[in-house]
Amino acid sequence: MEHLIHSRVKDIEISGIRKFFNMVSHHPNLISLTIGQPDFPTPEHVKEAGIEAISNNFTTYTHNAGFLELRQAACDFVREKYSLDYSEEEVIVTVGASQALDIAFRTILEEGVEVILPGPVYPGYEPLIRMCGAKPVYVDTRGNGFRLSADLVAPYINERTRCIVLPYPSNPTGATLSEQELLEFAHLLKDRPIWILSDEIYSELVYSGRHYSIAKWLRNQTIVINGLSKSHSMTGWRIGFVFAPSFLMKHMLKVHQYSVSCTSSISQKAAFTALTAGKDDAEEMRKQYKERMEYTYDRLVNMGLHVEKPTGAFYLFPSIASFGQPSFDFALDLVNQAGVAVVPGSAFSQYGEGYVRLSYAYSFETLKEGLDRLERYIYEKQKQA
Ligand SMILES: Cc1ncc(COP(=O)(O)O)c(C=O)c1O
């Protein structure tokens, strides 16, 4: 029967992050710096709101797009924080940012069109793009601090280009785009028949300046993806948001409806508290991430590794090219020799080869132990070279 499975689905591989983690997670006494989720618990008042939702029997289907007050709260949140202007008809509450990406791509992509992405990049986009029959086109950002720019993108635009993905702050590199860089994109793309998919899931975790969204300038062409997984440490609640102009939203809502009907009513209630009473909950976590980032960055630099200083998210992406080993082999050897797990850069497209991703969403104690082990490993490696 296997020949009756869709070839595009058969061609997709499980993500390199998951693959690597499955391989090494049984290693005894392993310090893992691989995980892309906050190590803080969900804020107490948000958890209470979920419990109350169950007690009060808020356990039925909601409006397909999410209950009205939640959608209004989501609009208020992005208006206040990022100066975005959306109405409650222009937002859908999704099952994490992941489902928002899925319904967005399925609404705008078709056979043969192209999607431009920065490389290295989060591995969640390519499979969704391919399942739509579209083609991912990677633009090498390594020479530009991992930041996609209007100048880098321009030569790749042609009549097949349907969408450009702007995933900033970036997983895996921690790069962000400035207001000026976004304005240059706006200038390049204005009135062209191209969508911009702006994945802003790390928008509350910015360490220098503030977060800007391209939707401020190109509202009619932009699909904004966001959610509470990272900002409110709610990865398991599965709450995401997609914002888009109403003429697109009415179609995206059909895909969403036939996909999941609606997001969990209980999680939606918790999300309402997160976006209202808890709208600044991320601030304390952001401060702590920043301290951890400074510490981890300094340690890596002192080890002699070349690394860009992140301005957002909770990852560092040092180069390991000087060791002359594929990133997968380097990461596997690091686990076996030193008991530290990092993600091979090759999980983030071919442009991630020669790098590894470290997450600093860990306690100082874990970070210190992991970095001590990494330092000893690198010292030994350099001695042997
Ligand atoms: C850039 C990026 N987009 C989307 C997601 C998916 O987020 P969620 O857990 O809300 O589905 C992640 C998760 O790591 C991510 O890093």
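The structure is a predicted model; local features need pLDDT of at least 70, side-chain atom pairs count only at pLDDT 80 or more, and totals for chains, interfaces and linings use all residues. Residues are numbered from 1 along each chain as its sequence is written, and side-chain values use heavy atoms, with hydrogens and water left out.

The chain has 13 helices and 12 strands. Both are DSSP runs numbered from the N terminus: helices are H or I with at least four residues, strands are E with at least two. The radius of gyration is 21 Å, close to the 21 Å that the globule rule gives for 385 residues, so the chain is as compact as a globular protein of that length. This radius is taken over C-alpha atoms, and the rule is 2.2 Å times the number of residues to the power 0.38. The C-alpha trace spans about 60 × 55 × 50 Å along its principal axes.

Of the 385 residues, 55% are buried. Buried means under 20% relative accessible area, exposed over 50%, and partly exposed in between (1.4 Å probe, protein chains only). Contacts, defined as heavy atoms within 4.5 Å, were examined for residues at least 6 apart in sequence; 74% of these join residues at least 24 apart.

The whole structure holds 21 aromatic pairs. Rings of Phe, Tyr and Trp (its six-membered ring) pair if their centres lie within 6.5 Å; planes under 30 degrees apart count as stacked, over 60 as edge-to-face and the rest as tilted. Phenylalanine 317 lies in the loop between strand 9 (315-316) and helix 12 (327-338), and phenylalanine 348 in the loop between strand 11 (343-344) and strand 12 (356-359), so the pair ties together parts 31 residues apart in sequence. Phenylalanine 317 is buried at 1% relative accessibility. Phenylalanine 348 is also buried, at 1%.

Phenylalanine 317 forms a stacked pair with tyrosine 355, at 5.0 Å centre to centre and 10 degrees between the planes. Tyrosine 355 lies in the loop between strand 11 and strand 12, so this pair ties together parts 38 residues apart in sequence. Tyrosine 355 is buried, with a relative accessible area of 14%. Elsewhere, Phe40, Tyr202, Tyr289, Phe314 and Tyr315 form one aromatic cluster.

Leucine 248 lies in helix 9 (residues 246-260). At 5% relative accessibility, leucine 248 is buried. Leaving aside residues up to four places away in sequence, leucine 248 touches Thr107, Ile108, Trp195 and Ile223.

Most residues other than glycine have a negative phi, and most peptide bonds are trans. The bond from tyrosine 168 to proline 169 is cis, with omega near 0 degrees. Asparagine 171 and proline 172 are also joined by a cis peptide bond, with omega about 25 degrees. Proline 169 lies in the loop between strand 5 (161-166) and helix 8 (179-189). Proline 172 is likewise placed in the loop between strand 5 and helix 8.

Aspartate 191 has a positive phi, near 65 degrees. This residue lies in the loop between helix 8 and strand 6 (195-199), and is exposed at 67% relative accessibility. Serine 261 has a positive phi of about 65 degrees. Serine 261 sits in the loop between helix 9 and helix 10 (265-275), and is partly exposed at 28%.
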